[in-house]
Amino acid sequence: MKKKQFRKTLETILDGLKTKLENSKSIDVFVKNRAKFEGWLKVETVDILCNRMLDKTDKIIPEKYRIDVVFNNSALELKTVNTNYRRKGIENKTKPITLNIEQLKKDIDKLRNLQKEDIKNKAILFVVFPLSQKSIEEFETKHLQKLGVEKQDIMYRQFNTISGITNRIYCGIVREQ
C-alpha cells in the first residue's frame with residue numbers, strides 16, 4: 001500500500017469509527033465512567049477494514065508482531081486515553097493523563113523499532129475522552145506534541161456520544177526518525 005493510499009485508509013477508519021462511536025449507547029456508558037474500551041476499538045477497526053478490503057480480508061491480521069492490527073503492508077496500534085479533565089455528569093478518576101501519554105509514546109516507539117520486511121506503513125490511532133473545548137486545547141498543546149509525531153501526520157475526528165459528551169479520535173502516521 002502506497003503512502004497516499006495508506007493515509008486514505010486511515011481517513012476511512014476515522015470516519016467509520018466516528019459514526020460507530022456517535023451511535024453507541026454502550027460507548028456512552030464507558031465514556032461517562034472513564035472506562036477504557038480498547039478491545040471494542042480493535043474489533044470495530046477490523047470490521048471497517050474488512051468492509052473496505054472485501055476481497056483481501058485474509059490480509060488483515062490482529063496481534064501480528066504484537067501489533068494490534070496488521071493489514072496489507074501496514075501496522076496500526078490502538079489506544080483509548082481516558083482523561084482526568086473534570087466534567088459534570090462524568091465519573092471523576094484520578095489516574096493522571098500523563099500515564100496514558102507515556103503508553104502512547106511506548107507504542108509509537110514500538111512501531112518505530114518494528115523492523116519487518118512486510119511492514120512499510122505505521123500509525124497509531126487513539127480515542128481521547130472525555131473532553132471539552134478548553135481541554136482539547138490543553139491536550140493538544142500540553143500532551144499531543146510530546147508524542148514526537150509531525151503535525152502534518154496527525155488526523156482527527158471530533159465526536160459526541162449519545163448524551164452529548166465531546167471526544168476525539170486521533171490518528172498519527174509514525175515515521176522513522
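The model is predicted, with local features needing pLDDT of at least 70, side-chain atom pairs counting only at pLDDT 80 or more, and totals for chains, interfaces and linings using all residues. Residues are numbered from 1 along each chain as its sequence is written, and side-chain values use heavy atoms, leaving out hydrogens and water.

**Exercise 1. The largest pocket**

Find the volume of the largest pocket and the residues that line the largest pocket.

*Solution.* Start with the terms. On a 1 Å grid over the protein atoms alone, a pocket is an open set of points with protein on both sides within 12 Å along at least five of seven lines, while a cavity is a set of points where a 1.4 Å probe fits but cannot get out; lining residues have an atom within 4 Å of a point. Grid points are joined across faces, edges and corners, and the volume is the space filled by probe spheres set on them.

- Step 1: the volume of the largest pocket is about 210 Å³.
- Step 2: the lining consists of Glu140, Leu144, Gln145, Val149, Lys151, Ile154, Tyr156, Arg168 and Tyr170.
- Step 3: β5 (154–160) and β6 (166–173) are the elements that give two or more residues to this lining. Here helices (H or I, at least four residues) and strands (E, at least two) are DSSP runs, numbered from the N terminus.
- Step 4: sort the lining by class, and you get 5 nonpolar, 1 polar and 3 charged residues. The nonpolar class is Ala, Val, Leu, Ile, Met, Phe, Trp, Tyr, Cys and Pro, the charged class is Asp, Glu, Lys and Arg, and the others, Gly among them, are polar.

**Exercise 2. The second largest pocket**

Work out which element gives the most to the lining of the second largest pocket.

*Solution.* The second largest pocket has a volume of about 150 Å³. Its lining includes Lys3, Lys4, Phe6 and Arg7, as well as Lys120, Asn121 and Lys122. Two elements, α1 (3–22) and β4 (121–131), each supply at least two lining residues. The most comes from α1, with 4 residues. By class, the lining has 3 nonpolar, 1 polar and 7 charged residues.

**Exercise 3. The cavity**

Count the cavities of 30 Å³ or more and describe the lining of the largest cavity.

*Solution.* The count is 1 cavity, and the largest cavity holds about 30 Å³ of space. Its lining is made of Ile124, Phe126, Leu144, Leu147, Val149, Ile154, Tyr170 and Gly172. Both β4 and β6 supply at least two of the lining residues. The classes come to 7 nonpolar, 1 polar and no charged residues.

**Exercise 4. Aromatic pairs**

Classify the pair of Phe37 and Trp40, then the pair of Tyr156 and Tyr170.

*Solution.* Rings of Phe, Tyr and Trp (its six-membered ring) pair if their centres lie within 6.5 Å; planes under 30 degrees apart are stacked, over 60 edge-to-face, and the rest tilted.

- Step 1: the structure holds 7 aromatic pairs.
- Step 2: Phe37 and Trp40 lie 6.0 Å apart centre to centre with 75° between the planes, an edge-to-face pair. Phe37 is buried at 4% relative accessible area, and Trp40 is partly exposed at 24%; buried means under 20%, exposed over 50%, and partly exposed in between (1.4 Å probe, protein chains only).
- Step 3: the ring centres of Tyr156 and Tyr170 are 5.9 Å apart and the planes are at 40°, so this pair is tilted. Tyr156 sits in strand β5 and Tyr170 in strand β6, 14 residues apart. Tyr156 is partly exposed at 40%, whereas Tyr170 is buried at 0%.
- Step 4: Phe30, Phe37, Trp40 and Phe129 form one aromatic cluster.

**Exercise 5. Cysteines**

*Solution.* A disulfide is a pair of cysteine sulfur atoms within 2.5 Å. The search of the whole structure finds 0 disulfides. As for accessibility, Cys50 is partly exposed at 24%, and Cys171 is buried at 0%.

**Exercise 6. A hairpin**

Describe how β1 and β2 are joined.

*Solution.* Two strands pair if DSSP finds at least two bridges between them. Strand β1 (residues 60–64) and strand β2 (residues 67–71) run antiparallel and are joined by 4 bridges. Lys64 stands opposite Ile67 in β2. The strands form a hairpin with 2 residues between them, and Tyr65 in the turn has a positive phi of about 55°.
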